[in-house]
Structures are given as C-alpha cells and as structure tokens.
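Thanks for asking me to look this over.

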Amino acid sequence: MTASPSSSPSSSPAEPTVDLVTLGQRLRHLRRTRGMTLDQLSEAVGRAPSQLSLIENGKREPKLSVLQAIAGALGVPMQDLLRPEAPSRRAGLEIELAHFQQSPAYQALGLPVVRAGRRLATDALESLIGMHRELNRVLTEQTATPEVARRANAQLRADMRRRDNYFAEIEQAAAKVLQSVRHTTGPLSQRGILDIAAQIGFSLHYVNDLPTSTRSVTDLKNRRIYLPQVASGKGHDPRAVVLQTLGHFVLGHNDPADYGDFLRQRVEVNYFAAALLMPEKFAVDFLAEAKADRALAIDDFRDAFGVSYETAAHRFTNLATHHFGIPVHFARVHESGIVYKAYENDNVRFPADVTGAIEGQPVCRKWASRTVFEAEDPYSSFYQFTDTTAGTYWCTVHVESTRSGEFSVTVGTPYEHARWFRGGDVSGRTVSNCPDPDCCRRPPAQLVDRWAGNAWPSARVHSHLLAALPPGTFPGVDNRDVYDFLDRRA
C-alpha cells in the first residue's frame, strides 16, 4: 500500500495511493457508528489508543496487518476502510480542510492548524473551507506568470516526448466515439460531427456575437455549444474547434487546476480532434502504403483527409514513431526565426532558455525552418538535410501565411529515416553549429568593426512576454462577456 497526504489524479494505476486523511475519517466514522471508544477498539486489536488516534487523524500509515485487525474488530470488509469517498458530508468537509492545511502554501503562512473536531460548528467549517478555496484560487492566479507558463510548457513537452507523442487512451476514446456513430471509413464529414455532438448530448449553434476572448462557448445547462459563423481566419479548421470542445466532455475534463493543467487539456483536445478528423486505422493504413512506396509526404496526408497542413503534420508525429518506428520532430517557426511551437522525440536540439522552454527562442539560421524563407519558391515542397551537433536531420517544410505573418511548419527525422519520404534524396545540405554563437548569432568581425557603436535599433518589445498571464480558471477569458452572452442566448 502506498500512502500519500492526498490522492493525486496523475497516480499510476499500478501504484494506487491511499489518502490517509480519508482512511482516518472512515475508521473514526465506522468506530463511532458501532458505539466503540478508542480504548475498546485498542483492546480488540491489541494496539495502543495513541497509535489508533494517529491513524484516525491521518498522521500514520497503518500496516496491512493492523488494517485487517481493525476491519475484523469493526465487522466490515477491509475494502470499506480503503474506499476513497468520505463517509459523510461533514467528514468530507473535514477532509478538505485537512488537505488545505497540509498544503505548502498554507504552511508557509505560519498560521496554526484548526482542528475540525465535533466542537467546530458546521457553518464555521464551511466558512473556513470557503476562505481556503479563495486563497488557493488567488495564489494559483498570481503564480501564472510567463516563467511558470514556460516551465509548464517545458514539462508538458517532456511528458509528450516520453510517450513518443502518442496517447493510446485518447486514440481509444476517439475510436469509441466513431464507432458510436457508425463511422466506418475515411475522413470524418460534417454530418458525422453533428452525429457525434448529438451522441454526446449537445446541439451546435453558429452565432455572430461570440465573445472575442473565446473560440466557442458551451452552455452546460441547456447542452448547447455556440460557435462562430465565420472561421477566425487564423488557420483554424472550424470542424476542429467543434471536436476540441466536445473533447473536453468525452475526456472527462474538469475546470483546470492551474496553468499546466490548462495546457495539458488543450493538448489533449487538440489530439482528440485530430484523431477524429484523421482516424487512426485509416491514417495508419494510408501511411503504411506510402512508406512501402518510400513516398511518405505530409502534403499527401493532408489532401487525403482534407485537413490543414499543420493538422496533418501534428497527426503524422502522433503516429510515426509508435506505428513505424520513425523518430520525428515538429516545429512551427515565424518568419523572424522565433519558435512558436515545437516538440521532438528524435533528439534534435531545439534552442531553449534556462527554464527549458523553447517557445520564443530563435532557431538557427541554417535550419530548414528558416532557410525555406530564402528559397526561390518557398511555397513549393521544400526539403533539406542539416548537419547539427546532435547528428544529421532531414526536414520537409511548408510555409503558410497568416495575419501574424508567415510561418514555416517543419517535420524532420534523423538521416537514416529520410529514405521513407518523398524528397529524401534531396541534395540540399547545410551545417549548423548552434548553440555556438559563431554559427549564426555573432555578427562577422568586419561588420562589427564597421558598425559597433554606430547603431541604435529601436526594439520591438513582445510585451506579452513581460506581463503576467491573464487571470481566471480559463486564462484570458472574460467571464462577464461569457455570462452576458449566455444570458442573451438562453
């Protein structure tokens, strides 16, 4: 039995945790229900009353033999002691207060611990818990700084790398949804999306007054999902927005606990939407045939399923390593050379800051993500080999235009796997020695001699990198706008 101060939602099924506070509450509840005192239970199980008191107060992990003896003395199966739910509403409040007071944030305040015994009135207990919840909310919002966000993003990317960017449980959830609407072949149609929404119990409503801080709004009371009548113009597939929204409910998401949880949910619903638009079985069959012909191509993958290039590139990286043993990396880079999104499981070395974050970092000028902008025709298929300090990589790149400028979308793989791709025999090759500053960041000596001390650039400050993240459970969303909108539509 592995004990922890509180149950963690990320605990592995192979290592179940027991919440000692809940265990203690269940023990106390069952003992009192049977009219037993601590002394009487102590005599029955051969343990000191002080030891049993520590167990009831969640301060000691009992041995299995002790639990068995206690269960026998109380005349209940041992599983009744280990059940995760509180034995009563009052006990649930006491458990929640104990957890709040065990948190590092509360302990750092140096305040005394309030004992939630029978003498503490229920209304006072509820008031204390209300204050703790608000304190926790405020602290969570205050810590959602750019540095915290970058660290959360770095951690999420590391978790994805360990899984080869493949989420088996989301693939299974998507397959189950497709089966429920009898989708048996090929890309998912708009009719299929409507059927999925109805199957989950929602109706779709397209409106022209959606709050500007949202991509969709869900009315949980009336089971309606409101969507924009016109696509945002940022390259978002309107079908994906619907499926991402539905994904929150299929995957059982709750309100994000912090910014890291918010990011994880975004990644999961994006994955879920792609798994519906490009179902695993059909996507893998398509890619297997292309690999057999040594003609893997993101362009073909995109066209076969009628999605955006970026969606196809994402989906390819989900499936390539798990199904075909091809390690890959993905990057979305602005024409200025700044990384907006990237992840890898092929050991390519993206630029990173001290927190491990890569977003906002400049990519080497020799990488295909940047050399594509110097090509004679950057909008055609572009391939390149790059010798780096981590090895040689082959990349295929596509350029897309947005209101924020042009972006390159890159999928790359180590040299030995290039043979499976169309363009894998390209002759174009560059050499990157980054992070050595002499590679491409330090100006040549003759330019330094000519211009050092004679240049005064006015910097374009990315103010969003300096400001704290917008507060709220869903960062950046204006709740008043959302509630006003729902009230109008209700």
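1. Some ground rules. This is a predicted model, in which local features need pLDDT of at least 70 and side-chain atom pairs count only at pLDDT 80 or more, while totals for chains, interfaces and linings use all residues. Residues are numbered from 1 along each chain as its sequence is written, and side-chain values use heavy atoms, with hydrogens and water left out.

2. Three strands form an open sheet in the order S3-S5-S4, with mixed pairing. Helices (H or I, at least four residues) and strands (E, at least two) are DSSP runs numbered from the N terminus, and two strands pair if DSSP finds at least two bridges between them. At the edges sit S3 (203-207) and S4 (217-219), each pairing on one side only. On average, neighbouring strands of this sheet are turned by 25 degrees against each other, direction ignored. S4 and S5 (residues 224-228) run antiparallel and are joined by 3 bridges; Asp-219 stands opposite Arg-224 in S5.

3. The helix on that sheet. H12 (residues 238-250) packs on the sheet and touches S3, S4 and S5, with its direction at about 150 degrees to that of S5. Contact here means heavy atoms within 4.5 Å; axes are lines fitted to C-alpha atoms, for helices over the stretch in contact, and angles run from 0 to 180 degrees between N-to-C directions. The 13 residues of H12 reach 19 Å from first C-alpha to last, close to the 18 Å expected at 1.5 Å a residue (the expected span is 1.5 Å times one less than the number of residues). Just after H12, Gly-252 has a positive phi of about 70 degrees.

4. What H12 buries. Its buried residues run from Arg-239 to Gly-247, including Val-241, Leu-243 and Leu-246. Buried means under 20% relative accessible area, exposed over 50%, and partly exposed in between (1.4 Å probe, protein chains only). Their cover includes H11 (190-200), S3, S4, S5, H13 and H15 (298-305).

5. The cores. The largest nonpolar core has 63 residues, and Leu-243, Leu-276, Phe-301 and Ile-326 are among those with the most contacts inside it. Helix H13 (residues 259-277) supplies the largest share, 9 residues. Such a core is a set of buried Ala, Val, Leu, Ile, Met, Phe, Trp, Tyr and Cys residues joined through side-chain atoms within 4.5 Å. A second, separate core of 17 residues includes Leu-27 and Met-36.

6. A buried asparagine. Which loop holds Asn-345? Asn-345 lies between S7 (339-344) and H17 (368-371), and it counts as buried because its relative accessibility is 9%. Its side chain makes a polar contact of 3.0 Å with that of Thr-321, and a polar atom of that Asn-345 side chain lies 2.8 Å from the backbone nitrogen of Val-328. A polar contact is a pair of N or O atoms within 3.5 Å; within protein, one must be able to donate a hydrogen and the other to accept it, and residues adjacent in sequence count only if both atoms are side-chain atoms.

7. An enclosed strand. In S10 (residues 405-414), 10 of the 10 residues are buried, so this strand is largely enclosed by the rest of the structure. S10 pairs antiparallel with S6 (residues 329-334) over 6 bridges, and with S9 (residues 391-402) over 10 bridges, also antiparallel. S9 and S10 form a hairpin with 2 residues between them.
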